[in-house]
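Biologist: I'm new to this one. Can you put it up and walk me through it?

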Amino acid sequence: MQFAVITSGGDAPGMNACVRAIVRQSIYMHHEVWGVLRGYHGLLEGHRRRLGLGSVADVIKTGGTFLRTARCLPFLNEEGQEMGRDRLREWGIDGLLVVGGDGSLRGALALHGLGIPVIGIPASIDNDIYGTDYAIGFDTAINNVTQSMDKIRDTASSHERIFVIEVMGRESGAIAIASGVAGGAETILIPEVPVNYRAMITRIKRSRARGKRHSLIVVAEGAAAGEDVTRLIEAETGYEVRLIILGHTQRGGPPTAMDRILASQLGTYGVQLLAEGKSGVMVGWQHGTLVTTPIDVVVNTRKDPDLELAQLASILSI
Ligand code: ADP
Ligand code: F6P
């Protein structure tokens, strides 16, 4: 059989490890694999590369995606999706693996609906994809943020300052919650819960009164602008506050061991399912087991934030 793999949407550390697993598992099973370049954009443009065993040498440890990625507006329309289907048929592709986030999986669902055998593989640092406990890239991102928080804590405590740390997550507080707990944040603001500024200010003042001289406040970008939170704390408390926006540093760098293992397992499982003739499902990891979930369920179900974990951060940072 001939398989193709696409990495699409926001890049996530571990995407390369996943492509490596897809290539090696396919060749192990005597199938051929093609890499589509620059996501759905490359599909429409007809850009692809044959992937042999050696083409994925050394990529297990690299962040980003060597297949590149892109956002492709024409693929949002039926016409673009039909062009994608036609391209895959022209190439004689028997099955496609889509490695990406929610938007990419919606594209995968469209191709499945047009008769292309498709398997989805969740990869997004936001970890907001239903059907898997972890998406590829999340563990690396929260480790990146935690390392940054450790560094910020050194200077925050030396100068007795408050730091507002803005992290990624336009619609998801997963990075903020996990790294907030791991980095010892005093307050975590997430998009899924209305921001309670009064509670935040009260906490800061109370902890100062008890002798705590510095605080780390983690803000997911979708909850509030870090700049606004910083100005507000300054105005309300009179303390010295600094802002750091971690931005895309969160998304880069070598994947953690956890992300490499997850990517290897999900990629391998995806190939096995395609070879068995399965389509329209996303592979995932739930409670220590590899699972599948129909992609239409994945993209139409909201993944709830772990509010208990967020609560833990608040208790432990008193
Ligand atoms: P992510 O996969 O990280 O969520 P995007 O939301 O940007 O990233 O989606 C990546 C690409 O997937 C888009 O540029 C577009 O080509 C395709 N896509 C997104 N949403 C849809 C949709 N509803 N239907 C078909 N394709 C989509
Ligand atoms: O990968 C998801 C994500 O990191 C979001 O948290 C963030 O808002 C967005 O992508 C930014 O991506 P870009 O700068 O590529 O548009």
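Modeller: One term to begin with: a polar contact is a pair of N or O atoms within 3.5 Å; within protein, one must be able to donate a hydrogen and the other to accept it, and residues adjacent in sequence count only if both atoms are side-chain atoms. A backbone N or O atom of C72 lies 2.7 Å from an oxygen atom of ligand 1.

Biologist: How much of ligand 1 does the protein cover?

Modeller: The protein covers 77% of the 550 Å² of accessible area that ligand 1 has on its own. Accessible areas come from the Shrake-Rupley method with a 1.4 Å probe; for residues, only the protein chains shown count as cover.

Biologist: Is this predicted or experimental, and what are the ground rules?

Modeller: It is a predicted model: local features need pLDDT of at least 70, side-chain atom pairs count only at pLDDT 80 or more, and totals for chains, interfaces and linings use all residues. Residues are numbered from 1 along each chain as its sequence is written, chains are lettered from A and ligands numbered from 1 in the order in which they are written, and side-chain values use heavy atoms, with hydrogens and water left out.

Biologist: What is the mean pLDDT of the protein chain?

Modeller: The mean is 97, and 100% of residues reach 70 or more. pLDDT is the predictor's confidence in each residue, from 0 to 100.

Biologist: Where is confidence lowest?

Modeller: In helix 11 (residues 307–316), with a mean of 90. Strand 5 (residues 118–122) is highest, at 99. Helices (H or I, at least four residues) and strands (E, at least two) are DSSP runs, numbered from the N terminus.

Biologist: Back to ligand 1. How many residues surround it?

Modeller: There are 15, where a residue counts if one of its heavy atoms lies within 4 Å. R71, C72, G101, G103 and S104 are the closest. Helix 4 (residues 102–113) gives the largest share, 5 residues. A polar side-chain atom of R71 is 2.9 Å from a ligand 1 oxygen atom.

Biologist: And what surrounds ligand 2?

Modeller: R71, I125, D126, M168, G169, R170, E221, H248 and R251. Taken alone, ligand 2 exposes 400 Å², and the protein buries 80% of that.
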